[in-house]
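Welcome, and please take a moment to look over the model below.

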Amino acid sequence: MSCDITNYKCSDKGLILPLTNEYTWAIGFRAFIYVVGLLYSFMGVSIIADIFMQAIDTITSRSTKLKMPDPSNESGYTEVEVKTWNGTVSNLTLMALGSSAPEILLSIIEIVGNGFQSGPLGPSTIVGSAAFNLMCITGVCIISIPDGLSKRIKSIKVFAVTSIFSVFAYIWLAIILLVITPDFIDFWEAIVTLLLFPIMVILAYIADKDYCGKRPIDDESKLLEMDNSGGRLRLKCADDNLLNGDHADKQVIVEILRRLKKEDASPDEMARLTAHLMEQNQSHGRGWYRINAIRNLSGGTKLTTPMTNKTSELLEALLIEDQMGSTPSFTSLSDGGSKAIVEFAAPSTAVFEKDGHARITVMRHGNLNKRVLYRVETIDGTAVEGEDYISYKETLVFEPNETEKHIDIQIIDDNIWEPDEVFFGRITLDSEKEPAVVGRRAITQIVILNDDDPGVLEFEHPSFLFKESVGTALIPVNRIDGADGKITVEWKTKDMTAIHSRDYENSEGTLTFDHGERTKFIEIMINDDKEFEKDENFEISLIKTTGGAKLGKLKRTVVTIVNDDEFSGLVSRITSLTNANLDSLRLQKQTWGQQFVEAMNVNGGDLETATTFDYVMHFLTFGWKLIFACVPPATIWGGWFCFVVSLIMIGILTAFIGDLATIFGCLIGLDDSVVAITFVALGTSLPDLFASRTAALNEKYADTAVGNVTGSNAVNVFLGLGLPWSMAAIYWGSKGTTFEVPAGALGFSVVVFTICSLITIMFLLLRRNVTVFGKGELGGPKVPKIISGSFCIFVWILYVLLASLNSYEYIPGF
């Protein structure tokens with residue numbers, strides 16, 4: 001039976017599709033098939049882009065060793081490892097190509113496939129993707145930062161160069177499309193568009209190297225500081241030999257074990273925690289965040305250490321330990337001694353309700369030569385402001401050479417029996433310009449003790465760990481819910497694997513608490529026999545009390561004696577496991593076999609931390625993963641083999657995406673340019689949205705989140721249009737004619753985007769310099785932050801709306 005081809009809707013729209021005769025298919029069914037195919041192809045292009053970015057990361061992370069003169073060294077020189085690629089150059093070249101490859105290749109394929117005639121899909125996708133990246137992604141990143149926290153772009157000169165080129169790129173497009181040679185692109189115009197790309201890279205490199213000014217020193221001297229800014233826990237460190245390295249140092253493991261000595265955790269859990277802390281301390285590039293975003297969306301192997309419930313508990317315990325005044329172990333907090341350190345004298349203070357006030361002490365040490373303004377305020381715990389104590393919020397002053405300040409907080413005595421209650425005091429600096437920093441004890445706990453109850457006695461923890469060489473083990477017994485009068489408690493040990501008189505002394509005794517005393521220690525002498533033994537333990541029980549006191553829930557505790565050699569072995573095991581976890585996160589580690597193993601297993605085989613979403617997305621993307629596992633791994637030939645094959649794969653898939661989008665738009669009556677700035681632009685840019693949001697939360701500065709967007713947008717024009725237009729201009733020039741590019745909807749879209757991008761960039765500069773926004777491109781106070789993010793997203797919606805109305809001729813063009 002013959003087909004009436006005139007009724008075969010949209011059969012002539014694709015370069016490759018349709019692959020079969022769809023004449024008998026219903027229009028609605030065909031539209032459904034094409035939109036599902038389009039969405040599924042977006043998944044595929046994201047996964048192959050992941051592999052492509054791995055190749056780029058391998059190429060740009062190559063380093064070389066330089067010999068630097070060093071008279072103190074016996075050899076006369078010191079070897080220094082330096083990266084071959086400059087970070088700014090790699091971001092604007094290979095990294096930009098990695099994130100924008102689908103848009104750029106779509107434009108090239110459309111030109112070549114149409115016989116070197118201009119099509120609407122490629123150029124409109126580039127403009128639409130740029131609008132989504134600059135406006136929508138920026139708006140989401142602004143809102144994502146926790147309330148009150150601001151993040152600024154650090155390399156502002158590089159951002160200025162790329163922003164200028166980003167705006168100029170689209171102004172240049174408008175000029176050559178609408179002014180110089182309307183509806184035509186001459187050869188010189190195409191070549192200038194292409195040459196603007198290396199010019200931008202060179203100028204950005206000069207700005208990055210700061211050849212025109214003095215490079216600021218970025219001093220980050222904090223080694224082990226837990227910080228919950230950004231709504232998450234983070235370990236910061238500047239010592240390249242410890243946390244900033246690629247592998248864990250035993251010194252860090254020992255420090256974390258010391259802080260968590262009261263926690264019961266396996267070596268695997270401690271290794272997972274340490275790897276997580278070290279990974280969080282690393283600063284990552286945009287490529288890393290894009291790969292991780294794609295893997296999160298596809299149920300693949302994560303680039304972050306997955307946290308179990310236990311490791312999350314350990315992380316919380318580590319933060320609490322730090323906030324309660326853990327002594328800094330490695331470096332000073334005072335910026336090399338140039339600033340004063342202001343902190344509470346003690347992490348905790350107890351006071352009887354009848355005393356009427358609690359005295360807390362703020363101390364200053366370090367540089368004492370300058371006047372310092374600081375603020376002390378109280379925060380509710382179980383004690384409530386106005387009911388149990390009077391709120392305190394005051395700005396105080398340390399005059400030069402003043403080292404202590406005493407603060408009295410009024411306690412309300414209500415004559416009602418209550419359990420012990422707590423509230424907190426917090427120190428903040430009055431201004432960022434103060435010649436001081438807040439120390440480790442930024443928070444102190446104030447305990448209001450019940451007056452009229454002798455209290456409840458119990459152990460502090462259900463287990464304790466001591467090294468065999470400790471000498472005397474001190475096991476704390478706490479008195480809670482009252483401290484009235486003198487009381488006693490009898491205790492006794494019970495042998496388990498440890499034997500009394502051989503492994504430890506003192507098997508029983510009595511603790512006496514005087515009126516008001518809250519903590520006493522059971523002292524047990526540990527015998528060091530200098531022989532290697534496995535861990536040994538014994539039990540201590542609280543037996544009987546006097547003075548009206550009661551026994552609490554923790555009446556028993558287990559003491560474990562760890563052999564020093566065994567402790568060293570434990571540190572070594574945790575160090576090895578930590579490094580194994582860190583190695584599993586490396587992008588350049590995979591062999592061909594490992595690629596197939598990870599492709600066939602959800603979450604790369606880590607089922608313990610796999611979520612339901614991981615399983616669903618792994619099922620949906622399994623086919624793509626298996627196909628793209630055939631791509632050579634990035635470990636072969638320095639990543640270039642993987643680079644070339646991945647680029648070919650992206651090109652093939654992009655050709656299908658172009659056809660799917662064009663035919664789908666035709667079937668439902670959407671103009672090609674509207675399909676390009678909506679469906680195609682969003683589909684290729686969604687991984688960038690998730691990557692930028694994660695970077696905004698994790699990175700200290702805003703560069704990785706939004707600072708690279710402007711550079712990527714400029715690269716899209718210079719390469720995505722400059723390259724195919726140069727090819728077409730050469731082709732038509734050889735035939736004695738000029739390359740025709742109808743401005744139409746494209747010219748209008750470019751002009752509207754240029755105006756919207758100028759508004760967005762000026763708004764970011766306003767946020768950077770106005771206090772009400774927090775003086776940062778991202779974040780800030782809650783209400784201005786939400787207004788700012790919503791405004792940026794509104795500008796993007798306005799661009800899409802105006803461009804779409806022009807495509808349907810509801811708004812006249814130029």
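## A residue near the end of a helix

Let us begin with Glu 809, which is exposed because its relative accessible area is 72%; here exposed means over 50%, buried under 20% and partly exposed in between, with a 1.4 Å probe and protein chains only. Glu 809 sits in the segment after helix H19 (782–807). Helices (H or I, at least four residues) and strands (E, at least two) are DSSP runs, numbered from the N terminus. The phi of Glu 809 is near 65°, a positive value in a residue other than glycine.

This is a predicted model, in which local features need pLDDT of at least 70 and side-chain atom pairs count only at pLDDT 80 or more, while totals for chains, interfaces and linings use all residues. Residues are numbered from 1 along each chain as its sequence is written, and side-chain values use heavy atoms, with hydrogens and water left out.

Helix H12 covers residues 612–628, and its 17 residues should span 24 Å at 1.5 Å a residue; the end C-alpha atoms are 23 Å apart, which agrees. The expected span is 1.5 Å times one less than the number of residues. H12 also has a kink of about 60°, centred on Thr 621, where the bend is the angle between axes fitted to the seven residues ending at a residue and the seven starting there. Thr 621 is buried, and so are Asp 614, Met 617, His 618, Trp 624, Lys 625 and Phe 628 of H12.

In the loop between H12 and H13 you will find Trp 637. Its phi is near 55°, a positive value in a residue other than glycine, and Trp 637 is exposed, with a relative accessible area of 65%. Next comes helix H13 (residues 640–668), whose 29 residues should span 42 Å at 1.5 Å a residue; the end C-alpha atoms are 42 Å apart, in agreement. Just after H13, Gly 669 takes a positive phi of about 85°.

## The largest cavity

How many cavities of 30 Å³ or more does the structure hold? There are 9 of them, and the largest has a volume of about 260 Å³. A cavity is a set of points, on a 1 Å grid over the protein atoms alone, where a 1.4 Å probe fits but cannot get out; lining residues have an atom within 4 Å of a point. Grid points are joined across faces, edges and corners, and a volume is the space filled by probe spheres set on the points.

The largest cavity is lined by 16 residues, with Asp 50, Ile 51, Arg 295, Glu 598 and Ala 599 nearest its centre. Helix H1 (27–60), helix H8 (286–298), helix H11 (592–600) and H12 each supply at least two lining residues, and H1 gives the most, with 4. The lining divides into 6 nonpolar, 6 polar and 4 charged residues. Ala, Val, Leu, Ile, Met, Phe, Trp, Tyr, Cys and Pro count as nonpolar, Asp, Glu, Lys and Arg as charged, and the others, Gly among them, as polar.

## A few more stops

Ser 100 belongs to helix H2 (residues 87–113) and counts as buried because its relative accessibility is 2%. Gly 366 lies in strand E9 (residues 357–366) and is partly exposed, at 49% relative accessibility. The C-alpha atoms of Gly 366 and Ala 436 are separated by 8.9 Å, although these residues are 70 residues apart along the chain.

Finally, a cis peptide bond, with omega about -5°, joins Leu 17 and Pro 18. Pro 18 lies in the segment before H1.

Methods:
1 Å grid on protein atoms, 1.4 Å probe; cavity = no way out; pocket = protein on both sides within 12 Å on 5 of 7 lines; lining within 4 Å.
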